[in-house]
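Student: I have a model open and would like to learn how to read its features. Could you walk me through it?

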Amino acid sequence: MRKSMLILLTSFSFVATSCNENTNKVHAIFFDTTLSTSTLKNDNPIRIMKHIESMLLNKVKSGETVIIYPIHSQTASASPIGEWMIPSNKGDMGDEKRKKQAIKNIISEAREVLFIESPISETVRSSTSIFPIFNKVKRLSSKGIVEITIFSDMLEDNSSMSFTSLFGKMNKKEIKSLAIAQYNQLSDEISIFGTNIRIFYPSTVVGDPNLERIMNKVDIYWETFFSEAGAKIFIFDLS
């Protein structure tokens, strides 16, 4: 009886430990720094940083990781703007204060690189490479469950592919077929099944005449692509 109980307790301990090891969470934030998007226009930098701060305060728990990457022409080879771990709780009254201070530091460091003394040149910002995001997420998944937040208009725009040029000539059926074909082409390189992906479109009050005729098609493309990948997508206008 004692031997059976010991085996049961040991098994339970192993399962509990395994579950804890598999529930580490990584909050990956991707920020579009390219010149063609609205992330850097008007008061959008202030709004985005306020949104990130609020999100971290409300969604990120102690011991979880926050990592911020830029999006630009060289997204695939870009290093993170920063990677931080929220301090583990000590069970005292200072837990909340330490978390708030850690998040304040994250915002300050990210703002410095993105807006104040950015090392990202205008040449690097001249085109947009979205797809390498998902290769990075695959690598991050070794650290735990990845939650993705993207601040971008999600327009692939480089010498290999330009959504702006393509989508104006395509109907919805063709765009869905393109999304499925591209997912099939990339499926071995990405792993986002079951991943929550939140996309925030930056914009200005006057809008953008170049995007006006294709943004609905951009939605259709990414909704189809992420559906094929088994990811959960949530698209919002940045407010």
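Tutor: Gladly! Let's begin with the lining of the largest cavity: its largest share, three residues, comes from β1. Helices (H or I, at least four residues) and strands (E, at least two) are DSSP runs, numbered from the N terminus. This is a predicted model, where local features need pLDDT of at least 70 and side-chain atom pairs count only at pLDDT 80 or more, while totals for chains, interfaces and linings use all residues. Residues are numbered from 1 along each chain as its sequence is written, and side-chain values use heavy atoms, with hydrogens and water left out.

Student: What is a cavity here, and which residues line the largest cavity?

Tutor: On a 1 Å grid over the protein atoms alone, a cavity is a set of points where a 1.4 Å probe fits but cannot get out; a pocket is an open set with protein on both sides within 12 Å along at least five of seven lines, and lining residues have an atom within 4 Å of a point. Grid points are joined across faces, edges and corners, and a volume is the space filled by probe spheres set on the points. This structure holds one cavity of 30 Å³ or more, and the largest cavity has a volume of about 40 Å³. Its lining consists of His27, Ala28, Ile29, Met55, Lys59, Glu147, Thr149 and Arg198. Two or more of the lining residues come from each of β1, α2 (44–59) and β4.

Student: How does that lining divide by class?

Tutor: Ala, Val, Leu, Ile, Met, Phe, Trp, Tyr, Cys and Pro count as nonpolar, Asp, Glu, Lys and Arg as charged, and the others, Gly among them, as polar. The cavity lining has three nonpolar, two polar and three charged residues.

Student: And what about the largest pocket: which residues lie nearest its centre?

Tutor: Those are Pro202, Ser203, Asp208, Leu211 and Met215, out of 14 lining residues. The pocket holds about 260 Å³ of space. Its lining divides into four nonpolar, four polar and six charged residues, with α7 (209–212) and α8 each supplying at least two.

Student: Back to β1. Why is it described as largely enclosed?

Tutor: Buried means under 20% relative accessible area, exposed over 50%, and partly exposed in between (1.4 Å probe, protein chains only). Seven of the eight residues of β1 are buried, so the strand is largely enclosed by the rest of the structure. Two strands pair if DSSP finds at least two bridges between them. β1 pairs in the parallel sense with β4 over seven bridges, and β1 and β2 are also joined in the parallel sense by seven bridges.

Student: Which way does β3 run relative to β2?

Tutor: The two run antiparallel, joined by four bridges. Thr65, in strand β2, has Met85 as its bridge partner in β3. Thr65 is buried, with a relative accessible area of 12%. Contact means heavy atoms within 4.5 Å; leaving out residues up to four places away in sequence, Thr65 touches Lys25, Val26, His27, Glu83, Trp84 and Met85.

Student: How should I read the side chains along a strand?

Tutor: In a regular strand the side chains alternate between the two faces of the sheet.

Student: What makes up a nonpolar core?

Tutor: A nonpolar core is a set of buried Ala, Val, Leu, Ile, Met, Phe, Trp, Tyr and Cys residues joined through side-chain atoms within 4.5 Å. In soluble globular proteins, nonpolar side chains tend to be buried together. The largest core here has 42 residues, of which Ile192, Tyr221, Trp222 and Phe225 touch the most other members. Its largest share, eight residues, comes from α8. Apart from this core lies another, of 21 residues, including Met55, Val60, Ile86 and Ile103.

Student: Which elements do the buried residues of α4 pack against?

Tutor: They pack against β1, β2, β4 and α8. The buried residues of α4 are Pro132, Ile133, Phe134, Lys136, Val137 and Leu140.

Student: And the chain as a whole: how many helices and strands are there?

Tutor: There are eight helices and six strands. Of its 239 residues, 45% count as buried.
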